[in-house]
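Subject: Structure handover

Hello,

Here is the structure I promised to pass on. Please open it first, then read the notes below.

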Amino acid sequence: MESSSSSLLHHSYLSHFNPPKLRKLSLSYPSMQKCRNRKPTRICSNKMYVPGFGEASPEAKAAKHLHDFFTYVAVRIVSSQLESYNPEAYMELREFLDTNSVSDGDKFCAALMRRSSRHMNLALRILEVRSAYCKNDFEWDNLQRLAFKNVDRSNTKLMREYVLETSHVETDPDK
């Protein structure tokens, strides 16, 4: 396993670490030569690199979870609508939900489509509602605000609990 700095940093960063007099010498190293001949595989940015996500970024994984969640929301909306104006279709959807999980939204909709022509119409309605909810009704700004707030609140709570546990300070029960 190569442990040179060139395997950790893109070659454009190395010029900042090598004094001007030594820059020519550093080009003679084989690892530097390899790095200069190929294009970087990662775009250089100020964002954190998150290892261990395989083929997808954390954002892509979150998008997949949101996609499945939007299916769940669409099923709830359609179910609620059917309950009030089409009890027979509502019962068919409820029966299908009893035997099929919504955890994978596309798999759920594909199975619903293939059950019967009536189920096909329910699946198409769910797809339509899922798309409309995602594009028009989901509050993306609110999601970001709540995510920031929850992370900050949770971090503060955990740090406070740790400090209290390790410092053996008596706390006032009224606070």
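Predicted model: local features only at pLDDT ≥ 70, side-chain atom pairs only at ≥ 80, totals over all residues.

Cys134 has a relative accessible area of 23%.

The C-alpha atoms of Val73 and Cys134 are 9.8 Å apart. Along the chain, 61 residues separate the two. Val73 sits in helix H5. Its relative accessibility is 13%, so Val73 counts as buried.

Is Cys109 buried or partly exposed? Cys109 is buried, at 2% relative accessibility. As for disulfides, the count is zero.

The whole chain

The protein chain has 175 residues, and 21% of them are buried. Its secondary structure consists of nine helices and zero strands. Read along the sequence, the pattern is α-α-α-α-α-α-α-α-α. The chain exposes about 14,000 Å². Carbon and sulfur atoms supply 56% of that area. I also looked at contacts between residues at least 6 apart in sequence. Of these, 52% join residues at least 24 apart.

Helices H5 and H7

Helix H5 covers residues 58–85, and helix H7 covers residues 105–115. How do they pack? Their axes are 8 Å apart, at an angle of about 45°. An angle of that size falls between 35 and 65 degrees, so H5 and H7 are oblique to each other.

Which residues meet there? From H5 come His67, Asp68, Thr71 and Val75. From H7 come Gly105, Asp106, Phe108 and Cys109. The residues of this contact divide into three nonpolar, three polar and two charged. Cys109, the buried cysteine from above, is one of the H7 residues in this contact.

Asp68 belongs to helix H5. With a relative accessible area of 11%, Asp68 is buried. What does Asp68 touch, leaving aside neighbours within four places in sequence? The contacts are Val102, Ser103, Asp104, Gly105 and Asp106. Gly105 and Asp106 are also among the H7 residues that meet H5.

Ser79 lies in helix H5 too. Ser79 counts as buried, because its relative accessibility is 8% and the limit is 20%. Not counting residues up to four places away in sequence, Ser79 touches Tyr90, Leu93 and Arg94.

A phenylalanine in H6

Helix H6 spans residues 87–99 and contains Phe96. Is Phe96 buried or exposed? At 1% relative accessibility, Phe96 is buried. Setting aside residues up to four places away in sequence, Phe96 touches Phe108, Ala111, Leu112, Arg115 and His119. One of these, Phe108, also takes part in the contact of H7 with H5. Leu112 is another partner to look at. The C-alpha atoms of Phe96 and Leu112 are separated by 7.6 Å. The two residues are 16 apart along the chain.

Where to look

Open the view on H5 and H7, whose axes are 8 Å apart. Then move to Phe96 in H6, and trace its contacts, including Phe108 and Leu112.

Best wishes

Key
Residues numbered from 1 in each chain as written. Heavy atoms only, no water. Axes fitted to C-alpha atoms, helices over the stretch in contact; angles between N-to-C directions. Helix = DSSP H or I, 4+ residues; strand = E, 2+ residues; numbered from the N terminus. Parallel < 35°, antiparallel > 145°, perpendicular 65-115°, else oblique. Contact = heavy atoms within 4.5 Å. Nonpolar A, V, L, I, M, F, W, Y, C, P; charged D, E, K, R; others polar. Buried < 20%, exposed > 50% of the residue type's maximum accessible area, 1.4 Å probe, protein only. Areas by Shrake-Rupley, 256 points an atom, 1.4 Å probe, with all protein chains shown as cover. Disulfide = S-S within 2.5 Å.
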